[in-house]
Structure formats: structure tokens, C-alpha cells
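Try each task before reading its solution.

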Amino acid sequence: MIELINEDPKIYRIFVPLPQNPLKSLNSYVVRTEEGDLVIDTGFNREECLKGLEEGLDEIGVNRDKMVIFFTHLHSDHCGLANKLSGENIKIYMGKIDYEYLRGNLEGDNWDNMNRRFIQEGFPQEIVIRLNDTNQARRYAPDKLFKANLLEDGAKFKLGNIEFTAILTPGHTPGHMCLYIADKKILFSGDHVLFDITPNITAWLKVENSLKNYMESLKKIKNIEAVIVFPAHRENSKSLNERVDTITEHHFIRLDEIKEIIKKTPKLTAYEIASKMKWNMRGKPWSEFPDNQKWFATGETLSHLDYLYLEKKLDKIKDEEVFRYIIKE
């Protein structure tokens, strides 16, 4: 399914299905120029996503040999199909930070190290073992590292008569990037700003404070003059600045919620704290959360705990093999 969403320049949205995923679909954008087409994000490395994307590209009339791809970030529902798209001369652009982190996922020990961190934070080992096979981010990742032109913050590239600017917005991932067409005031926000749901902000390896990075990136993006914002999932229903303010407030409420939980019950693990927080799971108790949702919830809790710990609001104590949290006196 495709939709023409902008006339000048012509921009199409392809709804790429994400089976068995609460996000339902990815918005893959195609920006048309006289020299070729820019495709922004692709979907998971699975047949349903490839079929949906390729049917959309065919309907639009995209010439694969003149196609350029930009990945907003390393998550598999965005870059999973990097090696599966036809066309011998496809050029790929991606942020340098996320590309190197993805290398660690595909060729290194990132997943093992992250599993160890979660277990130290009280996450059940039996769920970790199950997720090694069922985690969609891992199962549907690119089958190997792909070649890419690596971008730093503020890097520009041209296709046809359109100049694109990459804007580094770390938080959702270590090196997430938005893409901006300055003269048209069009922003592709990736998963940095979503309008119907709140982006997941988790803890990352070798990132001291993911949440602080994210909050700073939200402030940064407010300074961008964007008349039109195209998010990677769902719809755009509000102004950019209004949505940034709402997301920022959401995270401050989360921080207060965590502090109240720890005040009431000291020495909980991150997993135990996550189990007591309010999540949008349609009234399901924690015991009925799917494994993936428990992972996301614990990761989000960890990013907030890291923030509070580094702000000296909490203490973190080692109790045998796990960490527990108390309010700092």
C-alpha cells in the first residue's frame, strides 16, 4: 500500500507490514528526484516486509539501479532489508555511530554483553534464553553487515536538485539520525519523535546516559524549522514542538514514578521496578506481558535509573549477583 503525501518534492509513503509486532507497520518514505529516488528505512529482514516494500517500490516506479537508501537508525525494522533489495548500484547512507554499533551486534558480542547487563539488573535468565531465539530485533536483523556511506552530524548529500541534511539525535539509539530538507522545511523524524506513541528509550552499551542524550536531542530538534514532519511509525497528529513538549513531560513523570516506587519499596532490582510501573498494555498485569515487552519495559526503566543515578538521586548497591536501588540520602 502506498500513499502520495507531498507534491513538491513528490514523497510517497509505503506501509511496510511488521507482522507479530505491536507497531503494526513501518512508514518507508520515497523521495523522488530526476536523478533517482531516496528510500528512507526498509523494514525487518523477513519475506512479508520485503514483499510489501518491493510492491510499493514497483507501484511508484522506482528504478532500483538509481535508488539511494538512508537508514535513520540501527533497529532491524528500519535497516533489516539492507542486503535484500535488488539493484547493483544501490548507495546506502547511515549514521556512523549506529553503523559501528550495528557492527558489534552482527559481528561482535553486543547481544551477549547486553544480556549480562539485564541479568545483573534482575531480568530473569530464562526469559533472556527465550529471547535469544524470539527477539525480533535479533531474529530479523540484516544477515550481514552492508557497505554504507557513513554520516556525521550535519552531513549533507544531494540527489537530483534536493539537498538532504543528516541531524544526529541520539537517545532512541546511540546514533539515531533525522533527515531534513531545509529549503522545504521537511523533517523525517525516524523514531526520534513519534506522534501516536512514545519512542522507547532504553539503556545501551557504552552509553552512560541514554535518557539525558534523548532529552538533549529533543531540545535540539525543537530548533529545527519544520513545517512538515514525517515519523517512521503511525501518523503525525500534532506540531513538532507540541509533541516534543509532551514527550519531555512524559519522561519527567516517569522519573518521578520510579522515585516513588523506590521510596515505597527500597532495594528493588530494575526488573522489579519495571513490574510496578504503569505501562500501556491495555490493562494486562505484568505476569501476562510478552517477553519482548518485558525486555522493552526493563530497558526503559534502566535508562531512567541511569539518569537518576548520575544525577545523584539514587544509590545503586550490589546484592550478590544483582543491583538494587535506593533513594540517595
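**Exercise 1.** Work out the strand order of the open five-stranded sheet, and find its edge strands.

*Solution.* Going across this open sheet in the predicted model, the order reads β8-β9-β10-β11-β12. The pairing along the way is mixed. Next, look for strands that pair on one side only: these are β8 (156-159) and β12 (228-231), the edges. Finally, from one strand to the next the twist averages 25 degrees.

**Exercise 2.** Determine how β10 and β11 run relative to each other, and find the bridge partner of Leu-179.

*Solution.* Start with the ranges: β10 covers residues 177-181 and β11 covers residues 186-190. The two strands run antiparallel, joined by three bridges. Now pick out Leu-179: its bridge partner in β11 is Phe-188.

**Exercise 3.** Arg-234 and Lys-267 have positive phi values. Where do they lie, and are they buried, partly exposed or exposed?

*Solution.* Take Arg-234 first. Its phi is near 60 degrees, and its loop links β12 and α8 (240-264). With a relative accessible area of 29%, Arg-234 falls between the 20% and 50% cut-offs, so it is partly exposed.

Turn to Lys-267, where phi is about 65 degrees. This lysine belongs to the loop between α8 and α9 (270-276). Its relative accessible area is 48%, so Lys-267 is partly exposed too.

Note on methods
Residues numbered from 1 in each chain as written. Predicted model: local features only at pLDDT ≥ 70, side-chain atom pairs only at ≥ 80, totals over all residues. Heavy atoms only, no water. Pairing = 2+ DSSP bridges. Helix = DSSP H or I, 4+ residues; strand = E, 2+ residues; numbered from the N terminus. Axes fitted to C-alpha atoms, helices over the stretch in contact; angles between N-to-C directions. Buried < 20%, exposed > 50% of the residue type's maximum accessible area, 1.4 Å probe, protein only.
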